[in-house]
Every structure is written in structure tokens, then in C-alpha cells.
Amino acid sequence: MKKISLGIYRQDPSADRKGKIVKYHVPVEEGMVVLDAVRHVQENTDPTLAVRWNCKAARCGSCAAEINGVPKLMCKTRIEDIGDDITVEPMRSFTLVKDLVTDISPAWAVARSLPHFHPRQRSVHPFRIEEMDVERSQEFRKCIECMLCMDVCHVKREHNTSYVGPRYIVKAASLDMHPMDSLDRSKFLDREGGIGYCNVTKCCQAICPAHIRITENAIIPEKERAADLFYDPLMMLLKRLRKVKD
Ligand code: SF4
Ligand code: SF4
Ligand code: FES
């Protein structure tokens with residue numbers, strides 16, 4: 001049976017062990033994905049290897065890692081597509097727990113800080129939703145919270161900023177574009193969320209396994225709303241006039 005060279009990042013911060021890539025030789029069959037190879041090592045060579053996975057169907061988002069330096073889902077990456085020499089490392093934007101497992105709980109804290117869905121006071125009966133609004137909302141709901149977009153984002157990766165990151169701009173956009181929601185989260189994204197740090201490189205959009213057009217359909221519209229709100233002189237004048245009237 002054909003074998004591949006599989007390098008896996010091994011580190012146990014609780015045991016104060018330094019991190020290193022350990023090489024394994026794994027037999028592979030046609031159709032195997034990277035997660036299969038990593039689990040083969042765990043089951044046959046070293047049961048102490050820490051790896052997180054759940055569905056093996058690109059649905060739960062828990063097997064996110066960096067495969068040959070690119071953030072990907074291990075269960076969706078076929079070995080025959082990437083060759084015989086593979087290196088798997090944990091996501092670098094999050095604190096390491098052990099081996100391939102990282103702590104993504106800071107992202108949940110961001111989720112909690114985002115203004116929640118706030119329905120309009122006077123709703124129209126019967127409420128009708130346009131097809132376009134349904135499609136827009138469906139796109140954002142495809143997110144599996146794998147955090148690969150947060151991992152690839154150079155702002156999150158290299159700078160210790162308060163930037164909420166692409167996943168939560170997608171979340172904010174899904175609420176802002178809901179026809180029954182009454183809030184505008186662009187103020188939050190501009191002030192607390194640091195959306196100005198994003199320079200629209202589209203790296204997050206390129207790696208999203210759910211194929212969400214993160215930059216085009218979420219980040220750019222939210223940036224434009226924030227720009228209209230805070231930097232458009234006409235809007236600023238209107239806001240001032242409204243205040244005087246109130
Ligand atoms: S937006 Fe895409 S890459 Fe980001 S968490 Fe959701 S599914 Fe993952
Ligand atoms: S487009 Fe913005 S959020 Fe996406 S990776 Fe680039 S800087 Fe990060
Ligand atoms: S194991 Fe669920 S997304 Fe990979």
C-alpha cells in the first residue's frame with residue numbers, strides 16, 4: 001500500500017514541551033482525506049495525539065487546521081489533491097491547547113458582544129419577505145463556525161487588535177440585512193469592532209469552506225454603511241438636523 005509522509009505539529013503547553021513537527025509514514029487508500037491520515041496516527045501510532053473533529057462531513061467546523069500552510073478543513077481535504085508530503089499544523093490565530101487543538105472561545109466572546117436580533121416594534125401583518133432577502137440570509141447562514149476565516153485574516157493573525165474578524169462581520173451583516181431587524185450594527189463594527197482594519201484582501205472569502213462571499217457580501221456593505229453613517233458629509237448634516245429637531 002502506498003505511504004505518505006505526514007508531518008504533524010506536536011506540542012503540549014501544559015507539560016511545557018516545545019512545539020515541533022513530528023513525521024509519520026501513513027498508508028493511504030484512494031479517497032482518503034487528511035483527517036483519515038491524522039486519525040490513523042492517533043489510532044495506530046500515538047493515542048496521545050490531540051485532534052478535534054466531529055462530523056467528518058464539513059458540517060461541524062471542528063477539524064479546522066493549517067494544511068501545508070493553508071487554513072482548511074481536514075475532513076474536506078483529499079490527500080490525492082495535495083500530494084505525498086503533507087504537514088498539518090494548528091490554527092495560528094488561536095491559543096494552542098495541545099497538538100492540533102486550539103482554544104476558539106475568545107471568538108464566542110465576540111459573538112456575545114454583537115448586538116442581537118432586535119425585531120421591529122410595529123411589524124406588518126402578514127409579514128412578507130422578498131426572495132432576494134431570503135437568498136441573502138441563507139448565504140450567511142451557511143457558516144459552520146470553523147473559524148478558518150479568522151485564522152487566515154492577517155489582521156487577526158499578525159496584529160493584536162480589537163478587530164471582530166470576518167466571521168462576526170458575516171453574523172452582523174446577516175442581522176442587519178434581515179428585513180425584520182431594527183438595528184444598524186455598522187456603528188458597533190466601526191467603533192468597537194475595528195472594521196476599518198480590514199483592507200479587503202479577500203483572503204477570508206477565498207478559503208471559506210461554506211463558499212460565503214464574505215468580503216463582497218458582508219464586509220464591503222458593512223464598511224459602506226459605516227462610511228455613510230460617519231464620514232458622508234450629507235449624512236452627517238442630516239443627523240445634526242435631526243438632533244436639532246428632536
Ligand atoms: S464564514 Fe466561512 S470560514 Fe468563516 S467561520 Fe463561517 S464557514 Fe468558516
Ligand atoms: S478581507 Fe478583511 S477580514 Fe478578510 S482576510 Fe482580508 S483583512 Fe481579513
Ligand atoms: S469533522 Fe466536522 S467539519 Fe470536519
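Pro166, Arg167, Tyr168, Ile169, Val170, Ala172, Ala173, Ser174, Leu175 and Asp176 are the buried residues of helix 7, where buried means under 20% relative accessible area, exposed over 50% and partly exposed in between, computed with a 1.4 Å probe on protein chains only. Helix 7 spans residues 166-176 and is mostly covered, with ten of its eleven residues buried; helices here are DSSP runs of H or I with at least four residues, strands are runs of E with at least two, and both are numbered from the N terminus. The buried residues of helix 7 pack against helix 3 (105-113), helix 4, helix 5, helix 8 (186-191), helix 9 and helix 10, a contact being heavy atoms within 4.5 Å.

This is a predicted model, in which local features need pLDDT of at least 70 and side-chain atom pairs count only at pLDDT 80 or more, whereas totals for chains, interfaces and linings use all residues. Residues are numbered from 1 along each chain as its sequence is written, chains are lettered from A and ligands numbered from 1 in the order in which they are written, and side-chain values use heavy atoms, with hydrogens and water left out.

## Overall architecture

The chain has 246 residues, of which 42% count as buried, and its secondary structure comes to eleven helices and seven strands. Along the principal axes, the C-alpha atoms fill a box of roughly 75 × 40 × 25 Å. Among contacts between residues at least 6 apart in sequence, 62% join residues at least 24 apart.

The domain assignment, which is automatic or taken from a database, gives domain 1 (3-102) and domain 2 (105-245). The contact between them takes 16 residues from domain 1 and 14 residues from domain 2, while their C-alpha centres lie 32 Å apart.

## Helix 1

In helix 1 (residues 34-44), the buried residues are Val34, Leu35, Asp36, Ala37, Val38 and Val41. These buried residues pack against strand 1 (3-10), strand 2 (20-27), strand 3 (64-67), helix 2 (79-82) and strand 5 (85-89).

## The two ligand sites

Ligand 1 is surrounded by Cys143, Ile144, Glu145, Cys146, Met147, Cys149, Arg167, Cys208, Pro209, Ala210, Ile212 and Ile214, each with a heavy atom within 4 Å of the ligand. This shell divides into ten nonpolar, no polar and two charged residues, with Ala, Val, Leu, Ile, Met, Phe, Trp, Tyr, Cys and Pro counted as nonpolar, Asp, Glu, Lys and Arg as charged, and the others, Gly among them, as polar. Ligand 1 sits in the largest cavity.

Around ligand 2 there are 14 residues, the closest being Cys153, Tyr163, Cys198, Thr201 and Cys204. The elements that give two or more residues to this shell are helix 6 (154-158), helix 9 and helix 10, and the shell divides into nine nonpolar, four polar and one charged.

## Two residues with positive phi

Most residues other than glycine have a negative phi. Glu145, in the loop between helix 4 (131-141) and helix 5 (148-152), has a positive phi near 55° and is partly exposed, with a relative accessible area of 26%. Glu145 is also one of the residues around ligand 1.

His211, found in the loop between helix 9 (203-207) and helix 10 (214-231), likewise has a positive phi near 55°, and at 59% relative accessibility His211 counts as exposed.

Notes: 1 Å grid on protein atoms, 1.4 Å probe; cavity = no way out; pocket = protein on both sides within 12 Å on 5 of 7 lines; lining within 4 Å. Sits in = over half its atoms within 2 Å of the grid points.
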